[in-house]
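Subject: Structure for you to look at

Hello,

Here is the structure I said I would pass on. Please keep it open while you read the notes below.

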Amino acid sequence: MIADALSRRIARRIRAEGPLSVAAYMAMALYDPEGGYYSRRNPIGAQGDFITAPEISQVFGDLIGLWCAVVWDQLGRSDPVVLAELGPGRGVLMNDLLRAAATVPDFRHALRLYLIETSAVLRADQEARLAQFDPTWVPRLEDLPEGPLLLVANEFLDALPIRQFVRRGVYWSERLVTLSGEDSFTFVEAPPSPVSALLAPEVLRLSAEEGAVIEICPVALALAAALGARFSRQPGAALFVDYGYFPSAPGDRLRGLSRHRAVPALEAPGTADLSAHVDFAAFAETARACGAETHGPLAQGRFLAGLGARERAATLRARATTSQRRAIDRGVERLLDPGDMGTLFKAIALTSPGPAPPGFESGQ
Ligand SMILES: C[S@@+](CC[C@H](N)C(=O)[O-])C[C@H]1O[C@@H](n2cnc3c(N)ncnc32)[C@H](O)[C@@H]1O
């Protein structure tokens, strides 16, 4: 039996409209105002489904706070400057970032904090944690005030809905989600189409093998385009940290995650996180085509180590208890681990024309 109200709504829509794109299915599973994954609960932390870098170690937010202060200086020390975060989760990254930014009082004084968050549950956490910084919530990037901008986002792009296409001869077929009997969902392919072929990244269009899956994330590309256009007109920098790949490559990377374990992507929509890896090459190319400069992507471990992660940890250790010291070491090593988060996660910066931001001076 299709268990809950969200599954029944998705099933009704499929009966009325036919199979849904993976993106339409993901959008309902993640963002449906009543049953969507991000609408139901706080998914982050040991008790949730996944843990993120700022929740692992405060060093992450400390370093990004200093990164923002240095970039603000590089951009000309504008006052005011918009500081925005996409998908702030429980507000932990921003809280650490602002504490570190307070060491540069002129920056702290100049910044105006804006948050973009879809989840009412997480927004309530942000309100509680960040009240002293007087944040303003806006629905979309386009709603931010004009002017110099610093933007940060950790594990935001991977949550955006993707579309999938399968190579079939000289064309591509879109992978869709349909009903399997009455009570579950399954993938099906639309007829191969020359139009679908145009959506595949150019480099893969002809080189991918028969049956290869490629993924595009229209919302992420629209975001890159909007930031590119903005940074061609006014000063700014955006730092994205996420798991993903570079260069573009085929692969079915849609994943379900529940209680820190992988689950089938189409099982019980709304109850498990759904995410995909970020195509950093497509993201960067789009931003550049619209006028931004791009820096990276760099492996997270290299980026954070270059910003002084170990030195920052040593400073924290100096005034910590023995058990706190162990936690500080474990946290930082987990962020830097080349066999895990240190490589899987990558940092990329989009900027207005100017010098490379801290950590990106030596290129990729
Ligand atoms: C994986 S969590 C990461 C949270 C936080 N950045 C961290 O590192 O702990 C994704 C965040 O993005 C938010 N989010 C996802 N899609 C969004 C969208 N389309 N617009 C705004 N926020 C979104 C989620 O509610 C959540 O806060």
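An oxygen atom of the ligand lies 2.5 Å from an N or O atom in the side chain of Glu117. Two further pairs of this kind involve Thr52, at 2.6 Å from a ligand oxygen, and Asn154, at 2.8 Å. Each is a polar contact, that is, a pair of N or O atoms within 3.5 Å. On its own the ligand exposes 590 Å², and the protein buries 93% of that area (accessible areas come from the Shrake-Rupley method with a 1.4 Å probe).

Before going on, note that this is a predicted model, in which local features need pLDDT of at least 70 and side-chain atom pairs count only at pLDDT 80 or more, while totals for chains, interfaces and linings use all residues. Residues are numbered from 1 along each chain as its sequence is written, and side-chain values use heavy atoms, with hydrogens and water left out.

The ligand has 20 residues around it, and Tyr31, Thr52, Gly87, Glu117 and Asn154 come nearest (a residue counts as near if one of its heavy atoms lies within 4 Å). This shell divides into 11 nonpolar, 6 polar and 3 charged residues. In these classes Ala, Val, Leu, Ile, Met, Phe, Trp, Tyr, Cys and Pro are nonpolar, Asp, Glu, Lys and Arg are charged, and the others, Gly among them, are polar.

Where does the ligand sit? It sits in the largest pocket, where sitting means that more than half of its atoms lie within 2 Å of the pocket's grid points. A pocket is an open set of points on a 1 Å grid over the protein atoms alone, with protein on both sides within 12 Å along at least five of seven lines; a cavity is a set of points where a 1.4 Å probe fits but cannot get out; lining residues have an atom within 4 Å of a point. A volume is the space filled by probe spheres set on the points, which are joined across faces, edges and corners.

The largest pocket has a volume of about 620 Å³. Its lining has 35 residues, with Leu86, Gly87, Ile116, Phe156 and Leu160 nearest the centre. By class the lining holds 20 nonpolar, 6 polar and 9 charged residues. α11 gives the most to this lining, 4 residues (helices, H or I of at least four residues, and strands, E of at least two, are DSSP runs numbered from the N terminus).

The second largest pocket holds about 490 Å³ of space. It is lined by 20 residues, and Phe50, Ile51, Tyr243, Leu257 and Phe345 are the closest to its centre. β11 supplies the largest share of that lining, 3 residues. The classes here are 8 nonpolar, 4 polar and 8 charged.

A search of the whole structure finds 1 cavity of 30 Å³ or more. Among the residues that line it are Tyr25, Glu267 and Leu274.

Some backbone details remain. Asp79 and Pro80 are joined by a cis peptide bond with omega of about 10°, and Pro80 lies in the loop between α5 and β2. Another cis peptide bond joins Phe246 and Pro247, with omega of about 0°; Pro247 is in the loop between β10 and β11. Asp134 is not a glycine, yet it has a positive phi of about 55°.

Regards

Conventions. Polar contact = N/O pair within 3.5 Å; in protein donor to acceptor, adjacent residues only side chain to side chain.
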